[in-house]
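Please read them alongside the coordinates.

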Amino acid sequence: MPLNCKTCGAPLKGDEEHCPYCGSFIEYEDRPLQKRKKISRKDLPQMKYTSELFIILISIFTFGIYGLYWYFSRRKNISGLVDGMKFPDVGLAVYVIGWVLLFFVSPEDSEISENAADFSGVAYLVIWAGAVWMCFSIKKILNEYAAKNCNDEAVFKVISSSDVALFFLGYICLQFQINKMIKAEIFAPAL
């Protein structure tokens, strides 16, 4: 009987630990989620706890520029979570290029002044592409770390964020996932 990922529905070979498409941990009936050793709270990596409501409000007041700060401020912590998995610097570069295009390249100064609205649309598309790239890469890192360090199967299942929410809410959804991991004592809150 062919197996499919419970998260995204992708076909599986039957021997993967994580879905090759969405990165979700795969639990087989004959191989339950392994119990993982409990790490002392003082040995947990620190991640910044931030209220989702605060992030939403500050994002609205800064017209989304807060996202730049969010990604830059968590870059180092995320890169150090899983060996061989690093923060998506290329996605961050695309994201920054989009913001630079939006604010620092003036369509009035060039031949594109007639298409200023189209130019802004392209800049927003570049910002969005960089954000989506980073979000899904970061989610994969967080899920991999949680799979290796979570002792409770039920907790692991609720930690991972929804792909649809991640697609539309980006770093807000990632912060929500980080906050859940702090509450589950998979991360220690940064002071």
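1. Helices (H or I, at least four residues) and strands (E, at least two) are DSSP runs, numbered from the N terminus. This is a predicted model: local features need pLDDT of at least 70, side-chain atom pairs count only at pLDDT 80 or more, and totals for chains, interfaces and linings use all residues. Residue numbers start from 1 along each chain as its sequence is written, and side-chain values use heavy atoms, without hydrogens or water.

2. Val164 is found in helix α6. Val164 is exposed, at a relative accessible area of 57%; exposed means over 50%, buried under 20%, partly exposed in between (1.4 Å probe, protein chains only).

3. Just after α7, Glu185 has a positive phi of about 60 degrees.

4. The second largest pocket holds about 380 Å³ of space. Its lining has 19 residues, and Tyr95, Ala131, Phe168, Leu169 and Tyr171 are the closest to its centre. A pocket is an open set of points on a 1 Å grid over the protein atoms alone where a 1.4 Å probe fits, with protein on both sides within 12 Å along at least five of seven lines; lining residues have an atom within 4 Å of a point. Volume is the space filled by probe spheres set on the points, which are joined across faces, edges and corners.

5. Helix α4 supplies the largest share of this lining, six residues. At least two residues each come from α3 (89-104), α4, α6 and α7.
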